[in-house]
Amino acid sequence: MKLTVFGATGGVGLEVVRQALEAGHEVTAVVRDPARLPVPAHERLRVAVLPDLTDEEALVPVLTGQSAVISALGSPSNKQARLNPVTGPALRAIVSAMDRAGVGRLAAVSAAPVGPDVPEDGVLARKVFLPLLRRALRDLYADLTVMETVIRTSGTRWTVVRPPRLLNRPRTGRYRRVVGANVPGARTIPRADVADALLASLTDPATFDRAVGVAS
């Protein structure tokens, strides 16, 4: 496939780029600073520098002719999400540009707390831990909630992947996945496995127009 990857210099996005190239895809990595993309030059890798991801006119050229889009965008902190939301505004422009460019497939990373509670997780997790987490990171999750709403109401065929806490560990390929819900007892997952889930979802009809929970 020909893939455009947003958030390519982040932990998940970088893994998406690496794994996509290993799998034989052609990749357009969208970055603000190409120096932050530590991937060797590759014949199937194109780097597109876009300082403003809400600029729809600038987005259309990097999407034209592509098979699918993967968004690994996310705010680095709750404060940053409050002062300058990233995912909601960016995805609003991206899905509009996708429509203009004729690209009909999108996979995006969100977060498990944006999804519904899991009854199997018990009262302590659902009534104490998750409410505290959602309160502490409310601006970050609010931004992701806007992003998910924009994606769901778009005309594209979409998948949203919702992981718990992310770890910098190698890909295992042995993570759990639940389509339409969060994973029971979800605690952590390697960023590399989230990238694996994003790429796998692109051709998996079971994930079309669904949110997918993943966890180790």
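Ten salt bridges are counted, each being a side-chain nitrogen of Lys or Arg within 4 Å of a carboxyl oxygen of Asp or Glu. The model is predicted, and local features need pLDDT of at least 70, side-chain atom pairs count only at pLDDT 80 or more, and totals for chains, interfaces and linings use all residues. Residues are numbered from 1 along each chain as its sequence is written, and side-chain values use heavy atoms, with hydrogens and water left out.

**View 1. Helix H4 packs with helix H6.** The axes of H4 (residues 87–101) and H6 (residues 138–152) come within 7 Å and cross at roughly 15°; axes are lines fitted to C-alpha atoms over the stretch in contact, with angles from 0 to 180 degrees between N-to-C directions. H4 is therefore roughly parallel to H6 (angles under 35 degrees). The contact (heavy atoms within 4.5 Å) involves Thr87, Gly88, Pro89, Leu91, Arg92 and Val95 of H4 and Asp143, Leu144, Val146, Met147, Val150 and Ile151 of H6. Helices are DSSP runs (H or I, at least four residues), numbered from the N terminus.

**View 2. Helix H2 packs with helix H4.** On H2, the contact is made by Glu56, Glu57, Leu59, Val60 and Leu63, and on H4 by Ala93, Ile94, Ser96, Ala97, Met98, Arg100 and Ala101.

**View 3. Glutamate 57 and arginine 100 form a salt bridge.** Their side chains meet at 2.9 Å, N to O. Because glutamate 57 lies in helix H2 and arginine 100 in helix H4, the pair ties together parts that are 43 residues apart in sequence.

**View 4. Leu124, Val128 and Leu132 form a nonpolar surface patch.** Together these residues have about 300 Å² of accessible area (Shrake-Rupley method, 1.4 Å probe, with only the protein chains shown counting as cover). Patch residues have over 30% relative accessible area and no salt bridge, nonpolar side chains being joined within 5 Å. Leucine 132 is placed in helix H5 (residues 122–136).

Conventions
Patches are made of residues with over 30% relative accessible area and no salt bridge: like charges are joined within 9 Å, nonpolar side chains (Val, Leu, Ile, Met, Phe, Trp, Tyr) within 5 Å. Helices (H or I, at least four residues) and strands (E, at least two) are DSSP runs, numbered from the N terminus. Angles under 35 degrees count as roughly parallel, over 145 as roughly antiparallel, 65 to 115 as roughly perpendicular and the rest as oblique.
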